Amino acid sequence: MSKKKIILTGDRPTGRLHLGHLVGSLQNRVKLQNEGNYDEMYVMIADAQALTDNADNPEKIRENIIEVALDYLSVGIDPKKVTLFIQSQISALTELTFYYSNLVTVSRLQRNPTVKNEIKMRNFEANIPVGFFTYPISQAADITAFKANIVPVGEDQLPMIEQTREIVRSFNRIYGDTLIEPEAVLPTTKAAFRLPGVDGNAKMSKSLGNGIYLADTEEEVKKKIMSMYTDPNHIHIEDPGKTENNTVFTYLEVFATPKDFENFLPEYKNLEELKSHYEKGGLGDITIKKFLLNVMERILKPIREKRFFYENRIEEVYEILKEGSKKAERKANETLNEVKSAMKVNYFEDKELMKQHINKYKK
Ligand code: TRP
């Protein structure tokens, strides 16, 4: 079997990407892409998966495909290095899903922690669509179709990778060595950190309206940072303030570098100094928020400019997605053919089969 290094990952196009995505996955992908230590790298817009719980809102998915594509390009995903494609355009993926379904039990899916949790959160209970319930199987198809052995994802996706590995093992045991077992690669250090929303809520999400988006204008970013949750008891500048669970400090922890202090706040050498002043009292929220705004703009401005570049070249973006999808389709079809051969549903390719049947009925 090949020892190639193949990376695959993706996102559901249910909304624009925000700072949480940037630190949780996008920066890591761009780093992997630029290190170049791989044979093939794929980034997929998982629209078919997004439809499993948005069947009544295809318009939302359709609109967000271009948004997510623009977000990818704006952070530096390079279509010359990475195959960028749209899941629904690769029909081999649905076919693989159908065959893999035979290898997975209902109770196994019910035990998948991600599915279990989402069912609970969405109050789906018995009303859960079959397509949503079985999306781990479709995700196994996404990964195995490209023979990906490295899947960079967030922690929440680990159960999906585990389920994929089980499907691969079952398939290979029953039909012979065909599929590759993938490994999840989690983001390291700072990036592993889940960025809270600007309101201090642990999760940055569209429904809570507490996210800073890659496509936000400088004005929008400023407004969000200036209203950011800090320490509610830090009322006067001279009051001592808490830096723990203080969103401004949480963000600075993730994003501010020593160089940022040098450039934007040279009165302090580093975050430790800034923190101890805030805790002692005498440092106002406006100062730390202005500093954070400078840091975020250092990061977001180039992203915004790159996005603007592609916003003016939508035809080119469509071409990138179309070409990527074509390339992905070729690869997935290859795997599908191997899968069908292994399962012996390749009746017309297997010349021996007809000969056997001729012999069987020879009079
Ligand atoms: N489930 C992933 C998410 O919600 C998206 C996804 C679909 C994916 N197929 C994948 C991620 C394959 C990695 C590999 O973010």
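Residues are numbered from 1 along each chain as its sequence is written, and side-chain values use heavy atoms, with hydrogens and water left out. Because the model is predicted, local features need pLDDT of at least 70 and side-chain atom pairs count only at pLDDT 80 or more, while totals for chains, interfaces and linings use all residues.

**Helix packing**

Helix H4 (residues 91-100) packs against helix H16 (residues 314-342) at an angle of about 30°, their axes lying 8 Å apart; helices here are DSSP runs of H or I with at least four residues, numbered from the N terminus, and axes are lines fitted to C-alpha atoms over the stretch in contact, with angles running from 0 to 180 degrees between N-to-C directions. H4 and H16 are therefore roughly parallel to each other, a term for angles under 35 degrees. In the contact (heavy atoms within 4.5 Å), Ser91, Ala92, Glu95, Leu96, Tyr99 and Tyr100 of H4 meet residues of H16 that include Glu329, Leu336 and Lys340.

**Cavity**

The structure holds 1 cavity of 30 Å³ or more, a cavity being a set of points on a 1 Å grid over the protein atoms alone where a 1.4 Å probe fits but cannot get out. The volume of the largest cavity, about 30 Å³, is the space filled by probe spheres set on the points. Helix H1 (residues 19-35) gives the largest share of its lining, 4 residues; lining residues have an atom within 4 Å of a point.

Definitions and conventions:
Helix = DSSP H or I, 4+ residues; strand = E, 2+ residues; numbered from the N terminus. Parallel < 35°, antiparallel > 145°, perpendicular 65-115°, else oblique. 1 Å grid on protein atoms, 1.4 Å probe; cavity = no way out; pocket = protein on both sides within 12 Å on 5 of 7 lines; lining within 4 Å.
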